[in-house]
Amino acid sequence: MKDHPLWQLSLVRFREFTREPEAVFWTFFFPILLATGLGIAFRNRAPEKPHIGIVRDLPGSEALTAAIGTDSAFVVEEFDDSTARRALRTAAVALVAVPHRTDSVEYRFDPARSESRTARMMLDQAVQKAAGREDPVRISETTISEKGSRYIDFVVPGLLGMNLMGSGIWGIAFSIVTARNKRLLKRLMATPMSRVHYLLSYLVSRLILLFFEVASLLGFAVLIFGVPMRGSLVTLLLVCLVASVSFGALGLLISSRARTTEGVSGITNLVMMPMWIFSGVFFASSNFPKAAQPFIHILPLTAVNDALRANMLEGAALPQLLPQIGIVALWGAAAFVVALKIFRWR
């Protein structure tokens, strides 16, 4: 077994990786740094207070300022009319209130900004309540805060999927093209090694690194941010295994004919960029138009991210994830077969 070409080639791939500090950093440490930054930026905290501008020196300005100025739900600032317009245009305030009389207020805001729409509703409620309006229906509130609904819980599976894609596609494609440029493939062609063994060695080396890649990011997320792991770890590892092999196969396909690092960089970015944007790494893919959803859901990274989130956050079992795993596996199988047929040593 130790003398088998596939085993020896896989060890070569592994040693090449561990001797590249840049590759180790981007595979293991960059996702952790990214998770740290996003976890701190979007940590649980009280909602930000809407910044409200009031046009001063108008009839009713003082009364309006007095009515809402003591409300702790707002940050209120007075402007003249031209300064208020500029503050609204530059998003320095979410809304500008312009009193016309003591009983008339104009709200200026951009309805395309969600914070402006929220500020408009909150301010109008405060203004009407200050004028003596009483709610006809008594209400009560119950607030909840549960792990799994936070942004960091959503983004960690996306970061894991993105990392599996990046290390699989970029790492393998760039390595093969670099070897082709250095004429190392030409030398290997003269050995008894088969093309299948050479290409499979890249996929096997990915599997060796897979456990450490997954464990480092998820271990950090669970210990530091308390990201839930509600599903089976075996199922999670299976999803990661299929994803890693499939993205590695895409990397083999991309590098099959590319001759320069510039060429493979362009092709790699062309393949990965749509998935970075559409596959729900940092925000839900459902934000895109309904007409684009069929295209989005057949992307391998979308299937990987959906499967990881369903397993980690919802506790989905293997049978529930078979559609997503099937999509990823089909991409990988098709990519490897095509790569095997069109691969060139030179």
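Is Leu203 buried or exposed? At 7% relative accessibility, Leu203 counts as buried, where buried means under 20% relative accessible area, exposed over 50% and partly exposed in between (1.4 Å probe, protein chains only). This is a predicted model: local features need pLDDT of at least 70, side-chain atom pairs count only at pLDDT 80 or more, and totals for chains, interfaces and linings use all residues. Residues are numbered from 1 along each chain as its sequence is written, and side-chain values use heavy atoms, with hydrogens and water left out.

**The chain overall**
- The chain holds 13 helices and four strands. Helices (H or I, at least four residues) and strands (E, at least two) are DSSP runs, numbered from the N terminus.
- Of the 346 residues in the chain, 41% are buried.
- Take the contacts with a separation of 6 or more: 76% of them join residues 24 or more positions apart. Contact means heavy atoms within 4.5 Å.
- Accessible areas come from the Shrake-Rupley method with a 1.4 Å probe; for residues, only the protein chains shown count as cover.

- Leu203 lies in helix α8 (residues 195-225).
- Leaving aside neighbours within four places in sequence, Leu203 is in contact with Ile172, Val245, Gly248, Ala249, Leu252 and Phe336.
- Gly168 is 35 residues from Leu203 along the chain, and their C-alpha atoms are separated by 8.4 Å.
- Ile325 is in helix α13. Ile325 is buried, with a relative accessible area of 12%.
- Beyond its neighbours within four places in sequence, Ile325 is in contact with Val239, Val242 and Leu318.
- Ile325 and Ala307 are 18 residues apart in sequence; C-alpha to C-alpha, they are 7.5 Å apart.

**Surface patches**
- Patches are made of residues with over 30% relative accessible area and no salt bridge; like charges are joined within 9 Å, nonpolar side chains (Val, Leu, Ile, Met, Phe, Trp, Tyr) within 5 Å. A salt bridge is a side-chain nitrogen of Lys or Arg within 4 Å of a carboxyl oxygen of Asp or Glu.
- Leu207, Leu238, Leu241, Leu318 and Leu322 form a nonpolar patch, with about 360 Å² of accessible area together. Helices α9 (233-255) and α13 (318-342) each give two or more residues to this patch.
- Leu241 sits in helix α9. Leu241 counts as partly exposed because its relative accessibility is 33%.
- Asp57, Glu62, Glu78 and Asp80 gather in a patch of negative charge on the surface. Lys and Arg count as positive and Asp and Glu as negative; His and the chain ends are not counted. The place of a charge is taken as NZ of Lys, CZ of Arg, CG of Asp or CD of Glu.
- Glu62 is found in helix α3 (residues 61-69). Glu62 counts as exposed, at 71% relative accessibility.
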